[in-house]
Amino acid sequence: MIPTNTSIDVPCVHCGELCTGHIVDAQEHPFCCNGCKSVYEILHANDLCDYYQHDDHAGVSMRQRPMPADAFAALDDPSVARQLLEYSSESMHRVRLSIPSMHCTSCVWLLEQLDRIDSGVLRSTVDVMRKQVTIEFDPSRTTLRAIATMLTSIGYEPVVRIEAGASHLQQGGDRSAIRALYLRIGVAAFAAGNIMLFSVAQYFGASTMQPALITVFQIASIILSVPVLVFSASPWFRSAAGALRARRVNLDVPVSLGILVLFARSVADIAGGAGEGFLDSFAGLVLFLLVGRLFQQRAFDALSFDRTYRSFFPLSVRVERKQEEEVIPIEGIVVGDTMQIRNGEVIPCDSVLLGQCGYVDYSFVSGEALPVECTEGSFVYAGGRVVGAAMKLAAVKDVSHSYLASLWDSSSTRVQRSTWLQLSDRFGQWFTVFAIGVAVLGFLLWLPNYAIALNVFTAVLIIACPCALTLAAPITLGTAMGLAGRKGIFLKNIGSMLELERTTDVVFDKTGTLTMPSPAVRYEGRELTNEERRAVIAVAMQSAHPMSRAVAKALDDDATSSDACTVDDVAEHVGQGITGSVDGQSVCIGSHDFVHGEGAEQQTSASVWVSVDGRVVGAVHARPTIRTGIAAMIDRLRTRATLWLLSGDTDRDRDVFAGAFPPSSMYFSQRPTEKVDRINELRTERRHVLMVGDGLNDAGAMRAANVAIAVTDDAATLVPACDVIMRAHQLSNLDGLLRYARSMRRVIVFNFIISIAYNALGLTLALVGILTPLATAILMPVSSLTVIGVSVAGARWYARRYL
């Protein structure tokens, strides 16, 4: 047992720092400070010591990290907590916190096990790229302050800043990581420069230099190399150790092995008097590896910025400004705007209810199935969907596109990772094993010349880089997503792009998809009283469906207004119609069977029927108008895919689409379940089906398809089942989107060819002894940067051509 407070230099069990003069006894475990001991005891008490198996010295040092007892006392204030919470209900709160000290796989593992430390935590999910953790917790069992305190106690203090009445998650983690990278580069550059000076003196003055001076230079070179090995090269060692502990091989294993071999060989040469070693090459190798990592990180940051801040959802919302209603993109919402959110539409930002009552479905946010009743003044969270009557809301926060994107991405797991992405991952692992085998073979072939054999061994390990192969798909598709977003086409994830590429059949909805949302309409029936007209318009305005809006348009005039109407008992029946009551008058709007009842004889081919207080009063005839450019798009698309039309309407408009679709490909009067059945039939025939609709009556069909596109005009309808949201004006270029997806496959294949050619050439030159370890360090990042350049350039060039 190691005694307490001795001066023995041993690594801390938790963080790995040397315990010099301050060992805290915990049975046989040494610690550098009481803080690390406390963290270990917390993990041990909760059976979480597997944390230390994922990475060497995974923990963060707790030295000089005193935490005042009231450090997070402000989080007990409900007004402060509300600014940080993304969602709040009686049973669940959600908060997203920035964790700058997150640095390895052990951190990710532990931060996703928080429910084992605090029983009030329901779930925790880590975003590695942003160094954030999203925590869902039960407010009756724990508090936001308790969670922040708990995170700090285990070494992951969240960075929270409250300013000017708004909450911000300080993104200090990314900046600190970049600063650490620059510091490692500085140490490596300083050491490499000085070691090279010593080496030059030995190369050119060895015959006249005193042996004692040569020894001093060699010792100085070793001393300067140690920080390079221990500090500058530590990211590769840490990653490789974590991979080996997990019984797998990652890309950093051969690089770490090459660095260690070069250092050990150089020290052995110097100590044995066999030569001056290669410490200058060693330091230069680490320096150029770090510079290459810096360039790659900067490239990733640029792509991440483009994806996060420039790719907006193509959604719109109705707002009231200067006593007039207008439709604006959701990114145009400012705090204080009054929004009109209709049934089925998503609330784009945190808001306060201005009306008397409303219902919000938070299943999109929390998974809770039952709608929540909201009263006047209630706080309403972004991501909820209005159920029933339209709601008038006042925006209290700006729109967060990244938050809406995270809700959408987590709402469905149907689209699996593309086979291209799986191939990249698997190839990277197998290639690493292959590279180690080639390096060993090269070493054996050059024996008994140990000098060249070690050179070849090290050069092969460094030059053999499958990074380009593993980067090709995510960089290409990530760039494509960002570019498509600027054009009003937002993809759920990178897998969606390649799912589009595999399309063999395209299934279209009719109303609101191929046709304009505002058809030419006329009302036919008995004359309505002002009260009846106002009631019908008010109920029709509760729905985002194009035909419901057509009814409002057909009946609206300057003499009547539905603004002051209060609509009660609103119920929208998918694929059938909508009902509601205004001032005691019940209104029913919908299909013939929905309004008249099943089996009633249909007298006319009206689009929508209307009844008031149970009596049919008339019908609205709508003549659909095909969107501009749709006919030409279908002509181009039919050469690449089989086209189908599935509509819930009657076949009264069959002649409108007769020139675009063969009679055998058009299906009318389709219920939502029948659409699903038809798509399932196609999939059983091994067809890859793309469903294109507005998401209002065809969410089931979208879930059934391999990939789905939701077309949006002036609505904020975010369909969980869809994989792509497209501005309506872009639908005429659907064939261009599919060609763009196929082009991205070509870019990925081209990058694969570049990477294979680079590795084949590099391995050949390394095996024959032409490449030195230093030269390979310079060339190693070239392949990765080339792939990034080709991916970005290819995605941009094809976007200009097709999107």
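These legends cover several close-up views of a predicted model. Local features need pLDDT of at least 70, and side-chain atom pairs count only at pLDDT 80 or more, while totals for chains, interfaces and linings use all residues. Residues are numbered from 1 along each chain as its sequence is written, and side-chain values use heavy atoms, with hydrogens and water left out.

**View 1. The largest nonpolar core has 51 residues.**
A nonpolar core is a set of buried Ala, Val, Leu, Ile, Met, Phe, Trp, Tyr and Cys residues joined through side-chain atoms within 4.5 Å. Buried means under 20% relative accessible area, exposed over 50%, and partly exposed in between (1.4 Å probe, protein chains only). L500, F508, F661, L734 and Y740 touch the most other members. Helix α23 (residues 734-767) contributes the most, with 9 residues. Helices (H or I, at least four residues) and strands (E, at least two) are DSSP runs, numbered from the N terminus. Leaving aside residues up to four places away in sequence, L500 contacts L491, L690, V707, I709, V724, L737, L738 and A741. Contact means heavy atoms within 4.5 Å.

**View 2. Helix α16 (residues 530-540) is largely enclosed by the rest of the structure, because 8 of its 11 residues are buried.**
The buried residues are E532, R533, A535, V536, I537, A538, V539 and A540. Their cover includes α17 (546-555), β19 (567-573) and β20 (577-582).

**View 3. Three strands form an open antiparallel sheet, in the order β12-β11-β14.**
Strands pair if DSSP finds at least two bridges between them. The edge strands, β12 (372-375) and β14 (385-387), each pair on one side only. Strand β11 (residues 357-361) is joined to β14 by 3 bridges. Y359 has V387 of β14 as its bridge partner.

**View 4. W644 and Y667 form a tilted aromatic pair.**
Rings of Phe, Tyr and Trp (its six-membered ring) pair if their centres lie within 6.5 Å; planes under 30 degrees apart count as stacked, over 60 as edge-to-face and the rest as tilted. Here the centres are 6.4 Å apart and the planes at 35°. W644 lies in strand β24 (residues 642-646) and Y667 in strand β25 (residues 666-667), 23 residues apart. W644 is buried at 12% relative accessible area; Y667 is partly exposed at 27%. R678 lies over the face of W644, at 4.4 Å from the ring centre. Such a charge has NZ of Lys or CZ of Arg within 6 Å of the ring centre and within 35 degrees of the ring normal.

**View 5. W797, Y798 and Y802 form one aromatic cluster.**
The W797 and Y798 rings are edge-to-face, with centres 5.0 Å apart and planes at 80°. W797 is partly exposed at 44% relative accessibility, whereas Y798 is buried at 16%.
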